[in-house]
Amino acid sequence: MFVKAYAKINLYLDVIGKREDGYHDLNMVMLPLELHDSIEIETSPVLSDCFITTDHVDLQVAKFNLITKTVTEMKKRYGIKQNFIINVHKEIPISAGLGGGSSNSAAVIKAIKSLTKLKLDPEEEINLGTSLGADVPFCLANQPAHVEGIGEKVTPIKLKKKFDVIIIKPSKGLSTRKVFELADTLELDHSQIDDVITALKTGDEELLAKSMFNSLEKPSISLVPEIQKMKDELKKAGFKMVLMSGSGSSVFALTSNHKLAVAKYREFDKKGYEVYLTRTL
């Protein structure tokens, strides 16, 4: 069977603090995007283990990726005996703060549930997702949402309008772990989330532009200064709603002006940037 694994962006991300168990309490607003990876998965009656391949050279060591972790955890938790052949066609850039690994994990959870006829109640599915990564429960829901805790509290938000989205990925990616390690040594900025949620519900672009926020920009920009350059380039191009997504390194701009999005995408593409044009779901 084929499943789609959708990218996400953070319109708001506040690191509340580090917990005793090493995880971080977060307060986030996330939107899913049309940009997606495609995953083919089937059961195998002959393999003695799972076989995972990808067309992305940086993910060829498949035993270390989140899909492998997901399959291993599900087989252990639920006594699944089948093995799987999984092939991933990557479109979401990696180490970019766009949830590529988490969305792959969520898509594989859904596929294995279908292939094995596994019944999971919503609470157990969220528990499984949270054990795999902070963004996995959101990717399982795959709808605009306010996300809290370590990612397990997902409250849907109804958007007034959809947006075109331009994403620029700097030449260097970022490790989420390294960004949080640096963040733990810094005094991070904080902000209020209410205006972001209100702006999305009412379609108020001016309010959204003023209230979008990411407390991880400070550590991420210190590691990859090019992030700030990308933000400045997008604002110079006429976009008001600009932010780094997740722990970086990608930067995105929202707009309801489709012609502007297409024109600027072509300009950035001609300049040689790694740029993507997509829409919110």
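The structure is a predicted model, in which local features need pLDDT of at least 70, side-chain atom pairs count only at pLDDT 80 or more, and totals for chains, interfaces and linings use all residues. Residues are numbered from 1 along each chain as its sequence is written, and side-chain values use heavy atoms, with hydrogens and water left out.

The peptide bond between Gly248 and Ser249 is cis, with omega at about 15 degrees. Most peptide bonds are trans, and most residues other than glycine have a negative phi. A positive phi, near 50 degrees, is found at Ser95, which belongs to the loop between strand 4 (83-89) and helix 2 (100-116). Ser95 is partly exposed, its relative accessible area being 37%; buried denotes under 20% relative accessible area, exposed over 50%, and partly exposed the range in between (1.4 Å probe, protein chains only). Phi is likewise positive at Asn142, with a value near 55 degrees. Asn142 lies in the loop between helix 4 (136-141) and strand 5 (145-149) and is partly exposed, with a relative accessible area of 22%.

An open sheet is formed by four strands in the order 9-10-7-11, with antiparallel pairing; two strands pair if DSSP finds at least two bridges between them. Strand 9 and strand 11 (274-279) are the edge strands, each pairing on one side only. From one strand to the next, the twist averages 20 degrees; axes are lines fitted to C-alpha atoms, for helices over the stretch in contact, and angles run from 0 to 180 degrees between N-to-C directions. Within the sheet, strand 7 (residues 164-169) pairs with strand 10 in the antiparallel sense over five bridges, and Ala253 of strand 10 is the bridge partner of Ile166. Helix 10 (residues 258-270) packs on the sheet and touches strand 7, strand 10 and strand 11, where contact means heavy atoms within 4.5 Å. The direction of helix 10 makes about 160 degrees with that of strand 11. Helix 9 lies across strand 7, strand 9 and strand 10, and runs at about 20 degrees to strand 10.

Lys240 occupies the loop between helix 9 (226-236) and strand 9 and is exposed, with a relative accessible area of 57%. Apart from neighbours within four places in sequence, Lys240 is in contact with Glu206 and Ala209. The side chains of Lys240 and Glu206 are joined by a polar contact of 3.1 Å; such a contact is a pair of N or O atoms within 3.5 Å, and within protein one must be able to donate a hydrogen and the other to accept it, while residues adjacent in sequence count only if both atoms are side-chain atoms.

In helix 2, Asn104 is buried, with a relative accessible area of 5%. Not counting residues up to four places away in sequence, Asn104 touches Ala5, Asp37, Ile39, Ile67, Val88 and Lys90. In helix 3 (residues 122-132), the buried residues include Glu125, Leu128 and Leu132. The buried residues of helix 3 pack against helix 1 (66-78), helix 2 and helix 4. At the start of helix 3, the backbone nitrogen of Glu123 has a side-chain oxygen of Asp121 within 3.1 Å.

Technical notes: Helices (H or I, at least four residues) and strands (E, at least two) are DSSP runs, numbered from the N terminus.
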